[in-house]
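Here is a short note for someone opening this structure for the first time. Please read the points with the model in view.

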Amino acid sequence: MKATDITSPADIRSLSIAELRPLCAELRDILLSKLSARGGHAGPNLGFLEPTVALHYVFDTPRDKIVFDVSHQTYVHKMLTGRIAAFADPTRYAEVTGYTNPAESPYDLFSIGHTSTSVSLASGLALARDLRGGHERVVAVIGDGSLSGGQAFEALDYAAELHSNFIVVVNDNQMSIAPNHGGLYDDLRALRESNGTAPRNIFRSLGYDYVYVPYGNDLASLIEAFEYVKDAGRPVVVHLNTMKGEGYAPAERNKERFHYSGPFDRATGDSPAAPEGYTDIFAEHMIERMAADPAMVTITAGTPGAIGFTPARRERAGRQFVDVGIAEEQAVSMSSGLAKGGARPVFGVCATFLQRAYDQLSQDCCINGHAVFNIFYGGVWGMTDATHLGFFDVPMVANIPGMCFLEPTCREEYLAMLDWAIDHATGPTAVRVPGGAIVSRPGDYARDYSRTGWETVRPGAGDVAIVGAGSFLPLALDAAALMASQHGIDAAVYNPRRVDTLDPAAIESLRLCRLVITLEDNSVEGGFGQKVAAALAAGKDAPEVRVLGLPAAFADRYRPADLLASRGLTPEAIADLAKP
């Protein structure tokens with residue numbers, strides 16, 4: 001059978017292991033062709049290829065249920081479940097997402113993009129089965145560092161009491177996105193080194209039966225293990241020792257680099273050099289600050305590369321760079337504790353992942369402590385999958401009492417705000433890194449951001465004002481220029497600097513306008529523009545206020561230019577709003 005003939009997992013179940021092996025080689029070849037052309041999660045999918053084939057070979061999917069943690073390792077799962085053309089045909093590459101998606105297939109149970117969730121979701125499926133007297137098997141796949149997340153511990157603790165058929169497959173490839181961190185991984189190492197017999201076994205301690213597969217990319221061993229546990233009738237963990245990047249030498253040698261990659265040369269694994277970004281600016285600046293101050297600490301929750309801390313930079317930073325594993329709650333509360341203990345913590349985090357720690361932001365930081373949060377990939381130029389959007393960080397974080405939320409507009413203002421947050425802020429402070437390419441706007445940014453004064457970037461002489469927050473300040477300036485050239489309107493442009501509160505003096509000046517336009521690179525619901533509109537509506541003869549920003553919706557795989565245009569966020573559309 002050719003891989004391109006597969007329409008469902010049923011097509012492979014009649015094959016022998018001898019026939020499955022060349023099929024796996026063909027799947028790996030197709031996978032590498034697409035990955036090298038389009039990019040994606042290379043290491044996780046190459047490393048979980050054989051386990052995916054074995055799972056669908058043994059279990060009767062979709063009647064039996066498989067839940068993939070994060071679901072960034074499901075490319076082969078999609079290839080086996082009727083979507084092979086989206087991997088084998090370059091003209092159809094865009095037909096599937098990089099994560100499970102129920103809109104694509106009944107084999108995809110959930111839209112998942114965040115970590116440590118599979119055991120929780122699967123335990124719910126198993127309990128629902130038991131309550132209605134069902135008999136389908138339920139499998140949770142977890143790995144790539146996901147066990148370090150607190151939700152994974154909570155779910156494992158609960159699911160051990162199901163007393164029914166429940167299978168957890170631990171994909172132990174000795175890596176997270178970067179190297180693993182946490183005492184749990186010492187236990188996993190001991191189990192690997194003892195062929196599964198080490199007395200330190202967290203899974204047995206929790207009450208699970210336990211099966212170890214020493215080479216988790218061997219089809220025969222995998223099929224034997226899954227056949228053994230599929231009708232166990234009680235919770236069981238199958239621990240697979242796999243190779244991240246299996247079958248592609250560059251990915252095997254450089255597991256962190258190939259966890260997620262842009263397009264690369266398949267022969268060499270090389271990718272074009274990326275231009276300097278704000279992640280580089282942050283990392284180099286923090287290394288300088290840490291070198292000068294032994295109390296400075298930079299923290300990541302399992303995503304060091306996403307905040308610019310390459311392996312070389314982590315080595316330069318030494319013990320002052322802390323990776324807590326994929327555990328945002330721990331990172332936030334630990335930051336508060338560090339600050340209370342006299343250290344100076346800065347937690348670098350992607351906007352989409354910070355939402356996983358809302359309670360800790362509110363309780364442990366805004367009520368109890370001071371820490372600095374450096375937020376990456378917020379807004380329209382961040383990640384574009386529905387599960388990874390950065391639209392919601394401003395409404396979420398900026399509305400917590402006591403949180404100072406700064407939105408720099410350029411490189412120079414970003415560094416000034418970051419330094420002020422570290423050196424002078426008296427409470428928790430979030431600094432949202434500008435989106436898109438680096439913008440430079442030289443000037444004197446050494447100021448006190450505890451005050452709420454707006455910057456007048458373009459004075460204007462008319463009755464129209466544009467307030468452009470953060471990354472949207474250049475858009476505001478472009479729109480003002482068009483208003484002047486096309487409509488003869490001299491609009492003022494303001495940079496609000498802070499989006500958690502308003503500048504009373506600026507609000508009073510806006511009352512003199514006939515039209516106020518606010519632009520924000522986040523969901524408008526609960527955002528900065530609505531604060532402006534509410535404040536102006538409270539007075540007499542309120543001006544018209546147009547609040548423009550991103551939708552409160554799970555946009556999926558959008559093109560930034562298209563989304564901006566659909567929201568009226570182009571210089572032309574904004575300029576037209578000012579026409580009398």
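**Notes on selected helices and buried sites**

1. Start with helix 12. Its buried residues are Tyr278, Thr279, Ile281, Phe282, Ala283, His285, Met286, Ile287, Arg289 and Met290. Keep in mind that this is a predicted model. Helix 12 covers residues 278-292, which is 15 residues. From first C-alpha to last it reaches 21 Å, close to the 21 Å expected at 1.5 Å a residue.

2. What covers the buried residues of helix 12? Strands and helices both take part. The cover includes strand 6 (296-300), strand 7 (321-323), strand 8 (344-350) and strand 9 (372-376). It also includes helix 13 (311-317) and helix 18 (411-423).

3. Look next at helix 12 against helix 18. They pack at an angle of about 40°, and their axes are 11 Å apart. The two helices are therefore oblique to each other. Helix 12 passes helix 18 in a right-handed crossing. On the helix 12 side, the contact is made by Tyr278, Ile281, Phe282, His285, Met286 and Arg289. Helix 18 contributes Arg411, Tyr414, Leu415, Leu418, Asp419, Ile422 and Asp423. By type, the contact residues divide into eight nonpolar, one polar and four charged.

4. Now turn to helix 1. It has 22 residues and reaches 31 Å from its first C-alpha to its last. That is close to the 32 Å expected at 1.5 Å a residue. Just after helix 1, Gly39 takes a positive phi of about 80°.

5. Which residues of helix 1 are buried? They are Leu20, Leu23, Cys24, Leu27, Arg28, Ile30, Leu31, Leu32, Lys34, Leu35 and Ser36. These buried residues pack against helix 2 (42-47), helix 3, helix 4 (75-80), helix 5 (85-88) and helix 10 (219-229).

6. Helix 1 (residues 17-38) and helix 3 (residues 49-58) pack at an angle of about 125°, with axes 10 Å apart. Helix 1 and helix 3 are therefore oblique to each other. Helix 1 passes helix 3 in a right-handed crossing. The contact uses Leu20, Cys24, Leu27, Arg28 and Leu31 of helix 1. From helix 3 come Leu49, Glu50, Val53 and Tyr57. The residues of this contact divide into seven nonpolar, no polar and two charged.

7. Is Thr242 buried or exposed? Thr242 has a relative accessible area of 5%, so it is buried. It is found in the loop between strand 5 (235-241) and helix 11 (249-253). Leaving aside residues up to four places away in sequence, Thr242 touches Gly47, Pro51, Asn171, Asp172, Asn173, Gln174, Gly216 and Asn217.

8. Asp172 and Gln174 come up again at Arg192. Arg192 lies in helix 8 (residues 184-193). Residues up to four places away aside, Arg192 touches Asp172, Gln174, Tyr212, His239 and Asn241. Arg192 and Asp172 are 20 residues apart along the chain, and their C-alpha atoms are separated by 9.1 Å.

9. Finish at Ser523, which is found in strand 15 (residues 515-523). Ser523 counts as buried because its relative accessibility is 2%. Not counting residues up to four places away in sequence, Ser523 touches Phe391, Phe392, Pro395, Leu550, Pro551 and Ala552.

Definitions and conventions. Residues are numbered from 1 along each chain as its sequence is written. This is a predicted model: local features need pLDDT of at least 70, side-chain atom pairs count only at pLDDT 80 or more; totals for chains, interfaces and linings use all residues. Side-chain values use heavy atoms; hydrogens and water are left out. Helices (H or I, at least four residues) and strands (E, at least two) are DSSP runs, numbered from the N terminus. The expected span of a helix is 1.5 Å times one less than its number of residues. Buried means under 20% relative accessible area, exposed over 50%, partly exposed in between (1.4 Å probe, protein chains only). Contact means heavy atoms within 4.5 Å. Axes are lines fitted to C-alpha atoms, for helices over the stretch in contact, and angles run from 0 to 180 degrees between N-to-C directions. Angles under 35 degrees count as roughly parallel, over 145 as roughly antiparallel, 65 to 115 as roughly perpendicular and the rest as oblique. A crossing is left-handed if the near helix is turned anticlockwise from the far one by less than a right angle, and right-handed if clockwise. Ala, Val, Leu, Ile, Met, Phe, Trp, Tyr, Cys and Pro count as nonpolar, Asp, Glu, Lys and Arg as charged, and the others, Gly among them, as polar.
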